[in-house]
Amino acid sequence: RAEFVVEMSRLRAECRHAGQPFCIVLARIDRYEEITGAFGSRIGALLRRVTLRFLRAALADRGIIGPFDDSTFGMLMAATPLADAKPIAEQVREFVARCAFPVSGDCLRFTVTLGGTEVAGEAESLRVMELAHAALQTAIDSGEDHLQVFEAGDCVAFFRLPGRLAEAAPL
């Protein structure tokens, strides 16, 4: 986590100097502890690898991905407005939701919940992390398989409907 925060601070400084936006999105594997408890650490490692691959594929060369904790990754997107980060995050959520693994004669499916924010101006790294974590926690509290973003300091919920993403009223 410390390396992630150092890299975020470096990218934030570059964006601040250039007058560009900066987005951070946190992606948490839902029920990670429950799944690893039931199926073992090898399955937990598999979920992490698959999630990381989906994050890399969706982000391509538009940012940096790093581990945040055992079940959470962060996507750092320099020079990226939130409007451009939301479809990337939604693509990850959809990719993961379609994934299934044969495990112990069953079909294991998992989801990710994402939270993110755009930061402009002089916000400190700690404040950036607080906003991203607050967005993630709000999404977690809303239920699994959600995307949550903070726009201009206001929390706006985005939730999944069949085949599309809908916007709710500000929270």
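Reply: Arg-10 counts as partly exposed, because its relative accessibility is 37%, which falls between the 20% and 50% cut-offs. Keep in mind that you're looking at a predicted model. Put together, Glu-7, Arg-10 and Glu-14 make up a network of salt bridges.

Why can they reach each other? Part of it is the helix. Glu-7 and Arg-10 sit three residues apart in helix α1, which covers residues 2-18. Arg-10 and Glu-14 are also both in α1, four residues apart. An α-helix has 3.6 residues a turn, so residues three or four places apart point the same way. The rest is charge: side chains of opposite charge can pair when their charged atoms come close.

The two glutamates are partly exposed as well: Glu-7 has a relative accessibility of 23%, and Glu-14 comes in at 42%.

Now for the context. The whole structure holds six salt bridges. Another of them joins Glu-34 and Arg-31, at 3.2 Å from N to O. Here Glu-34 counts as exposed, because its relative accessibility is 52%, while Arg-31 is partly exposed at 32%.

For a contrast, take Ile-29, in strand β1 (residues 22-29). Ile-29 counts as buried, because its relative accessibility is 1%. Beyond its close neighbours in sequence, Ile-29 touches residues including Leu-47, Phe-73, Phe-110 and Val-112. Thr-72 is 43 residues away from Ile-29 in sequence, yet their C-alpha atoms are 6.3 Å apart.

Helix α4, residues 82-97, is worth a glance too. Its 16 residues span 22 Å from first C-alpha to last, close to the 22 Å expected.

Zooming out, the chain has five helices and nine strands. Buried residues account for 45% of its 171 residues. Of the contacts with a separation of 6 or more, 60% link residues 24 or more positions apart.

Notes:
Residues are numbered from 1 along each chain as its sequence is written. This is a predicted model: local features need pLDDT of at least 70, side-chain atom pairs count only at pLDDT 80 or more; totals for chains, interfaces and linings use all residues. Side-chain values use heavy atoms; hydrogens and water are left out. Helices (H or I, at least four residues) and strands (E, at least two) are DSSP runs, numbered from the N terminus. The expected span of a helix is 1.5 Å times one less than its number of residues. Buried means under 20% relative accessible area, exposed over 50%, partly exposed in between (1.4 Å probe, protein chains only). Contact means heavy atoms within 4.5 Å. A salt bridge is a side-chain nitrogen of Lys or Arg within 4 Å of a carboxyl oxygen of Asp or Glu.
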